[in-house]
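Colleague: I've got a new structure open and I'd like to talk through how its inside is put together. Can you take my questions one at a time?

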Amino acid sequence: MRLIFFILFGFSTVFAQENDFLDRLSVMENNGKTWYNIDGYSITKEDFDKDFNERNLKRIYRKHGIKKLDVKNTINDFDFKNFHVVKTSEFANSLKQIDSYYFVENEEGEISVIWFIRVNNNDFDLEKKMVNAIAHNQIPKDKYVSMKTDSVDFWGRKIALGNNCNWTFLNTLQCPYFGEVNWSIYKNLDQAKIDNDNQLLMTKSQKMGKIISEEEVDILFENVRTKAKKAVFKLNRVTSIFAGGKSLTIYYIAERVRDKNVRAVFSFWDTDEINPATKLSPLLEKFIELK
């Protein structure tokens, strides 16, 4: 009996270690695609009702801009057919986007594409764990986010939002005239802070305007005292006509909250509703407080 207990306990421990990433994962299904968010990754899965063969793969490669000369490796750790392609593109402020594509044979013998996007670095071990879990349908249903936005479970706290918000992407809520937030949960707080800096650099690289002020401010984020990087981004005249606002105030935050390493970016337009007492829009007031 002791031997059986040890074997079962040992197996469950290994399984938990291999799937520790699930604690940081959120998933959404919409329009035939599945999106995943973890450690600052933007991940998309799309299924194709085509047999996993060279002819069909070539067609899908072209769809993703993958050329004949791009290196296509096979990951031997997987127990299913696969090809892995990494493409890197550089943009302003020494930033680079890393696109990591996995073309896998799914359980129907057809093609699934799992596409990872990160800025400046990637975590190959995490990618392999994610691909293996997705391919074997091991993602628990409780990780899936509802398309309804009357409330949101912000990692342990349910927040009522009313009927004024919508998802623009997974973990990205936009509430017209109330503000916007996007977030991700990380294994490592230092990486969350690095990604915060990178996102600010990406904002600075936008050709539609420029950062006109930048400072560090004291805040309460989910009742945790911390600091945020506050930036005001001013649109150029042409862009502001289409956007309906002249400037965007942005707060970049990375902090440990309820045993989770959270990176969050909050923003509101100069045309949004702003509470004179808090100097925040209604959505931001639900998460942060200026000190």
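Predicted model: local features only at pLDDT ≥ 70, side-chain atom pairs only at ≥ 80, totals over all residues.

Colleague: Is Tyr61 buried, exposed or partly exposed?

Modeller: Tyr61 has 8% relative accessibility. The cut-off for buried is under 20%, so Tyr61 counts as buried.

Colleague: What kind of aromatic pair do Tyr61 and Phe103 form?

Modeller: The ring centres are 4.8 Å apart, with 90° between the planes. Planes over 60 degrees apart count as edge-to-face. Tyr61 sits in helix α2 and Phe103 in strand β5 (residues 95-105), 42 residues apart. So the Tyr61 and Phe103 pair is edge-to-face.

Colleague: And Phe52 with Phe83, how far apart in sequence are the parts they tie together?

Modeller: That pair is stacked, 6.2 Å centre to centre with 5° between the planes. Phe52 lies in the loop between β3 (41-51) and α2 (54-63), while Phe83 is in strand β4 (residues 82-91), so the parts they tie together are apart by 31 residues.

Colleague: Which element gives the most to the largest nonpolar core?

Modeller: That core has 31 residues, and Phe266 and Ile288 are among those with the most contacts inside it. Elements supplying at least two residues each include β12 (209-221), β14 (247-257) and β15 (260-269). With 4 residues, the top contributor is β15.

Colleague: How many charged residues line the largest cavity?

Modeller: Its volume is about 30 Å³. Phe154, Trp155, Val257, Arg258, Lys260 and Val262 line it. By class, that lining has 4 nonpolar residues, no polar ones, and charged residues numbering 2.

How values were computed:
Residues numbered from 1 in each chain as written. Heavy atoms only, no water. 1 Å grid on protein atoms, 1.4 Å probe; cavity = no way out; pocket = protein on both sides within 12 Å on 5 of 7 lines; lining within 4 Å. Points joined across faces, edges and corners; volume = space filled by probe spheres on them. Nonpolar A, V, L, I, M, F, W, Y, C, P; charged D, E, K, R; others polar. Core = buried A, V, L, I, M, F, W, Y, C linked by side-chain atoms within 4.5 Å. Buried < 20%, exposed > 50% of the residue type's maximum accessible area, 1.4 Å probe, protein only. Phe/Tyr/Trp six-rings, centres within 6.5 Å; stacked < 30°, edge-to-face > 60°.
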